[in-house]
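Dear colleague,

After it I set out what was found, with the cut-offs behind each term.

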Amino acid sequence: MAAHSAAFDVNAWLEDGGLSSLANVFREEAIERLDQIMCLTESDMRELGCRVGTRHRLLGHIMREKERQRQRMAVSANGSPLLSAPAHPEHFTGCGSAVST
């Protein structure tokens, strides 16, 4: 695992979204980076065994994270000092562009 990947805490992210019940599933399926989570489809979530309510919560949490990233990128593009911490490049990779082992 790359050193910058350790900065993202999957369990904390899941807990923040009220989804801590998915921690074991994510660990078993080696979903350990934000870019992997951002690429999850509803079909993937079904395959992971997520029930309808959990899928809706997870999709909502992913959409909120994408909005936070969009805002960070907009702030960064404007050169505003409001950007508190630089995001890791892996957080902005397109789905399918990163290879998981």
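**Salt bridges and their surroundings**

Glu65 is buried, its relative accessible area being 6% (buried means under 20% relative accessible area, exposed over 50%, and partly exposed in between, with a 1.4 Å probe and protein chains only). Its side chain meets that of Arg72 in a salt bridge of 3.9 Å, N to O, where a salt bridge is a side-chain nitrogen of Lys or Arg within 4 Å of a carboxyl oxygen of Asp or Glu. Arg72, for its part, is partly exposed at a relative accessible area of 31%. Salt bridges that share partners also join Glu42, Arg46 and Arg55 into one network.

Please keep in mind that this is a predicted model, in which local features need pLDDT of at least 70 and side-chain atom pairs count only at pLDDT 80 or more, while totals for chains, interfaces and linings use all residues. Residues are numbered from 1 along each chain as its sequence is written, and side-chain values use heavy atoms, with hydrogens and water left out.

Arg55 lies in helix H5 and Glu42 in helix H4, so the pair ties together parts that are 13 residues apart in sequence (helices, H or I with at least four residues, and strands, E with at least two, are DSSP runs numbered from the N terminus). Arg55 counts as buried at 9% relative accessibility, whereas Glu42 is partly exposed at 32%. Leaving aside neighbours within four places in sequence, Arg55 is in contact with Glu42, Met45, Arg46 and Cys50, contact meaning heavy atoms within 4.5 Å.

Arg46 also forms a salt bridge with Glu42, and the closest N and O atoms are 3.5 Å apart. Both of these residues belong to helix H4 (residues 42-47), where they are four residues apart, about one turn of the helix. Arg46 is partly exposed, with 47% relative accessibility.

As for the chain as a whole, the salt-bridge rule gives a count of six. The chain has five helices and zero strands, and buried residues make up 31% of its 101 residues. Among contacts between residues at least 6 apart in sequence, 55% join residues at least 24 apart.

With kind regards
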